[in-house]
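Subject: Model for your review

Hello,

Here is the structure I promised to pass on. Please open it first, then read the notes below.

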Amino acid sequence: MTCQKQSTGSKRHAATWRQVGHTWRAGQHAAIASKKPATSQPHRNKKEANSNSKKIMMLSIFELVSLCLTLYILKKQYYYYYYSVEVSSEPEAINDDTCCASCGIAANDDIKLKKCNACHLVKYCGVKCQREHRSKHKRECKKRAAELRDEILFKQPESNHHGECPICCLPLALDAKKSAMMTCCSKTICNGCDYANSTREIEENLGQKCPFCRHPTPKNQEETVKNLMRRVEANDPNALRQLGNRRLKEGNHESAVEYWINAAELGDAGAHYHLHVAYRDGVGVEKDMKKSIYHVEQAAIGGHPEARHNLAYEEYRNGRIERAVKHLTIAANLGLDEALRMLRECYKGGRVTKEDFAAALRAHKAAVDATKSPQREEAEAKW
Ligand SMILES: [Zn+2]
Ligand SMILES: [Zn+2]
Ligand SMILES: [Zn+2]
Ligand SMILES: [Zn+2]
């Protein structure tokens, strides 16, 4: 209880606190004690002190606790200040896009800095600097690149990959049988609009034409292929994918893959999905799981619910349940029944909360309902 010696009097108390703020040493402690006012003299005499000892002790304990508290607060404030400086300075250093991350040279009229394509966190004055900095930057770059990829991958697409019917502007159903692609213009028309057009043509005794571009309906397979090839030459992704599908049916797998690659390069989610399957199963190409995953992710980003479903399965297989659930939720929100069924299983197993499952149920219903119309229902009933 060294503190007891200098524990009386408010002036001394204040002096002690100030002392603690700088350096706390026994010598200084004693020096402070020696400057004590006359009121503390009884403390030197044991006999006289006996009567006051209890009071002094209580006061000393109180002061000791106060002292420890002050020390704690001071220390906390110091660390807070220290770390707040550290934390705030770190992103500044990362986001300092005015200097080359490797050599530190500042950008000017002659020196243009280029961002790291993978992470967008740093800039370099040239390829040499980027290469030299690679070993230091690699880990951070990979981490940020993965985060950026996930941000894109787990974003809910606005609609499924089929998009809308260009005539009635309603979302197309996931079931491919409920719409048809016109080879003349490569537009996918819902059965409702197709049916309404056909009915009108019959009633008015008109020749059959495409409900969208009014091109005469092909009379035979030859004309259909001719139309399709014209769109392929125009580099239409729908036509390229469609021709790939035809090549697959004919057994020409290599040619199918070539057309899908062309369509995928133009952003066609359906073609990405076919490439995912081709690389996964090694059909028409050498088996390549890395490429397969890349294409299934691209398809999923483009709103392909089956691609989401396959990704969920892949994540589940690797024990990454949380990611699997995210994929299933997105697929269910796009109206995929199978994804909703699997999500229900996850809910039963305690992997999904009641609120999240209820939200997915509502979103799934809304997505399915959005593809319905009286015209489409009439077509379904009569065709
Ligand atoms: Zn540089
Ligand atoms: Zn990077
Ligand atoms: Zn329509
Ligand atoms: Zn057409």
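**Cores and helix α8**

Setting aside neighbours within four places in sequence, Ala331 contacts Pro305, Arg308, His309, Ala312, Leu336 and Ala339. A contact means C-beta atoms, placed from the backbone, within 7 Å.

This is a predicted model: local features need pLDDT of at least 70, side-chain atom pairs count only at pLDDT 80 or more, and totals for chains, interfaces and linings use all residues. Residues are numbered from 1 along each chain as its sequence is written, while chains are lettered from A and ligands numbered from 1 in the order in which they are written.

Ala331 also belongs to the largest nonpolar core, which has 36 residues. Such a core is a set of buried Ala, Val, Leu, Ile, Met, Phe, Trp, Tyr and Cys residues joined through C-beta atoms within 7 Å. Buried means 20 or more other C-beta atoms within 10 Å of a residue's own; exposed means 12 or fewer; partly exposed is in between. The members touching the most others are Leu328, Ala331, Ala332, Leu336, Ala339 and Leu343. At least two residues each come from β4 (188-190), α9, α10, α11 (305-317), α12 (321-333), α13 and α14 (354-370). Helices (H or I, at least four residues) and strands (E, at least two) are DSSP runs, numbered from the N terminus. Helix α12 gives the largest share, six residues. Domain 2 (161-234) and domain 3 (236-382) both contribute, so the core lies between them. Those bounds come from an automatic or database domain assignment.

Another core, of 15 residues, lies apart from this one; Val257, Trp260, Ala264 and Tyr279 are among its members.

Now α8. Its buried residues are Ala256, Val257, Tyr259, Trp260, Ala263 and Ala264. Just after α8, Gly267 has a positive phi of about 90°.

Two more residues. Glu338 sits in α13 (residues 337-348). Glu338 has 14 other C-beta atoms within 10 Å, so it is partly exposed. Lys209 is in the loop between α5 (191-203) and α6 (221-233). Lys209 is partly exposed too, because it has 16 C-beta neighbours inside 10 Å.

Overall, the protein has 15 helices and four strands. Of its 383 residues, 29% count as buried.

Best wishes

Technical notes: Contact = placed C-beta atoms within 7 Å.
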